[in-house]
There are 2 protein chains.
Amino acid sequence: MKIAFRGEPGAYSEQAVFEYFGEGEPVSCDSFDDIFDAVTSRECDAGIVPIENTLAGSIHQNYDLLMRNNLFIVGEYHLRVRHCLIVNPGAKMEQIRMVYSHPQALRQCADYLRRHKMKPEEGIDTAGSVKALKKLGALDMASIASRRAAEIYGMEILEEGIEDNPENYTRFLVVQREPTIPKGEAKTSLVFTLNNVPGALVNALNLFALRGINLTKIESRPLHGRPWEYLFYVDLDCSAQDARANEALALLSESTPTLRVLGSYPRFRPNIRT
Amino acid sequence: MKIAFRGEPGAYSEQAVFEYFGEGEPVSCDSFDDIFDAVTSRECDAGIVPIENTLAGSIHQNYDLLMRNNLFIVGEYHLRVRHCLIVNPGAKMEQIRMVYSHPQALRQCADYLRRHKMKPEEGIDTAGSVKALKKLGALDMASIASRRAAEIYGMEILEEGIEDNPENYTRFLVVQREPTIPKGEAKTSLVFTLNNVPGALVNALNLFALRGINLTKIESRPLHGRPWEYLFYVDLDCSAQDARANEALALLSESTPTLRVLGSYPRFRPNIRT
């Protein structure tokens, strides 16, 4: 089974592939667009994309890609992101002046960098910045990436767990060409637009609330060509096959211009592989 | 009156200052943080920050800054963003291979750049990229920025209105140290957290819906240290002084751990200066 992820080997997304799938071949992609293309074209069997981080928030580009492509969400995974300060072998803490990594990783370690008077420098991804640093051979620079990235490129870890807040998790979604029917505790992701009338959003959300269905996430994105109107992405805490959800979705589809169920999938539970 | 904005002279934010305030002295800042600092420290009388764009979506960093600082929203402005392809005098269309600008401006012109086989190159801001291009003197590069940026730096405009979608507006918020009491049509922005119980979000939103108050925007941001819990930012279509809003806010404050009214302000109306 081939699973598309974004970044170089050693990226956090690759780690999510290993932890979620256990086995399978991770396939490195240059962009999130490429992940969706690889799965759509059958080059890969599945793709894994980060959708939100507990410190940085949602990765909105991937919400847009879910809408633009015709793949289904079949799973979710919560990865604990633990950042390492990575250097060329021999480099010492007091030498480091500049730290190169993905902007989100730099932001998650902002206090640490300020405390150590290290200047952040933005790169395209975490593992890729380790690869670039190795090539450069500089002893006054460091990267921020995973333990595995340091190991793959034969680099040294000066300190582990340098993120400012330990509650640093990234939620990944697994996408495939066909939907799945989850057993046990499930979630459903949907996206819809609204008629431009007062109360439209609350009326839509009430369809679920009145049936005892809880919303675990809501996110809005602009509708292109329709200033100040939005697409709404909502996660429900049950399967779309659930009778209550089925009824609410039928009613919602009658009252909204667009409704798409992006998929129902097993709810993530720590230490239980789905 | 001194008004803090982010970017170099010629930035779209500076244009918003001119259009919203009519007169007053725009003060250039390096970051959004600096805008909030400049107003808090009384160095400036007001600040203007972009909060959402009709193509790119919300600028989440500024939602975080509204929460972290103790300023009030006193106004909003919708700026039509019209991008120009700007070059050093004498450069011809067919010479341009690379285009340097803010990532959001590049994304808003992505189709145009693809069509003309021009490679996008990310810079820190639009007007700043024009300044940098002038210094460089290159004839095979262009920048994307406002007409005013081209004029300030004595550069040439090869084409105007190159954005892929003409419905390209940025909504700005005006912040000051003291709240205002708007007359006429108003909006109110608030931020709250929720107790972690089913239906909490819908119950909160229903407090407004049941009183005929419409929500014009909803946005969620992660709560640091509390994985998968969120801060909710909501805009209402009336003033907090309105009796219905007053009642709804009183009830909401009883049922939420945190509630802050970020400000009530006159609703933006085209061609009417508030």
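**How the copies meet**

The copies meet through the same surface, because 100% of the interface residues of chain A are also interface residues in chain B. Before the details, two remarks on conventions. This is a predicted model, in which local features need pLDDT of at least 70, side-chain atom pairs count only at pLDDT 80 or more, and totals for chains, interfaces and linings use all residues. Residues are numbered from 1 along each chain as its sequence is written, while chains are lettered from A and ligands numbered from 1 in the order in which they are written.

In the interface, 25 residues of chain A are in contact with 25 residues of chain B; contact means that the C-beta atoms of two residues, placed from the backbone, lie within 7 Å. Helix H8 (200–209) and strand S13 (215–222) of chain A are the elements that give two or more residues to the side of chain A that touches chain B. S13(A) gives the most to that side, with six residues. Helices and strands here are DSSP runs, helices being H or I of at least four residues and strands E of at least two, numbered from the N terminus. By class, the side of chain A that touches chain B holds 12 nonpolar, 10 polar and three charged residues. For those classes, Ala, Val, Leu, Ile, Met, Phe, Trp, Tyr, Cys and Pro count as nonpolar, Asp, Glu, Lys and Arg as charged, and the others, Gly among them, as polar.

As for symmetry, chain A superposes on chain B by a rotation of 180 degrees with 0.0 Å of shift along its axis, RMSD 0.1 Å. That is the relation of a two-fold axis. The superposition is by least squares on the C-alpha atoms of residues with pLDDT of at least 70 in both copies.

One residue to look at is B:Ser220, in strand S13 (residues 215–222) of chain B. Is B:Ser220 buried or exposed? B:Ser220 counts as buried because it has 21 C-beta neighbours inside 10 Å; the cut-offs are 20 or more other C-beta atoms within 10 Å for buried, 12 or fewer for exposed, and partly exposed in between, with C-beta atoms placed from the backbone. Not counting residues up to four places away in sequence, B:Ser220 touches A:Ile218 and A:Glu219, along with B:Tyr230, B:Leu231 and B:Phe232. From B:Ser220 to B:Phe268 it is 48 residues in sequence and 23 Å in space, C-alpha to C-alpha.

Next, the domains. Chain A is divided into domain 1 (2–79 + 168–176), domain 2 (84–160) and domain 3 (186–266), with bounds from an automatic or database domain assignment. The C-alpha centres of domain 1 and domain 3 of chain A lie 23 Å apart. Their contact takes 11 residues from domain 1 of chain A and 11 residues from domain 3 of chain A. On the domain 1 side, helix H3 (60–68) and S5 of chain A are the elements that give two or more residues.

Strand S5 (residues 72–80) of chain A also runs antiparallel to S11(A), joined by eight bridges; two strands pair if DSSP finds at least two bridges between them. In that pairing, A:Arg80 is the bridge partner of A:Tyr169 in S11(A). Strand S3 (residues 46–53) of chain A pairs with S11(A) as well, antiparallel over six bridges, and A:Pro50 stands opposite A:Phe172. Strand S11 (residues 169–176) of chain A is mostly covered, with six of its eight residues buried.

Last, the open sheet in chain B. Its five strands have the order S8-S7-S9-S6-S10, with mixed pairing. Strand S8 (119–122) and strand S10 (156–160) of chain B are the edge strands, each pairing on one side only. Inside the sheet, strand S7 (residues 98–101) and strand S9 (residues 141–145) of chain B pair in the parallel sense over three bridges, and B:Tyr100 stands opposite B:Ser143 in S9(B).

Helix H6 (residues 126–136) of chain B lies across strand S6 (84–87), S7 and S9 of chain B, at about 155 degrees to S9(B). Axes are lines fitted to C-alpha atoms, for helices over the stretch in contact, and angles run from 0 to 180 degrees between N-to-C directions. Among the buried residues of H6(B) are B:Thr126, B:Val130 and B:Leu133. Just after H6(B), B:Gly137 takes a positive phi of about 75 degrees.
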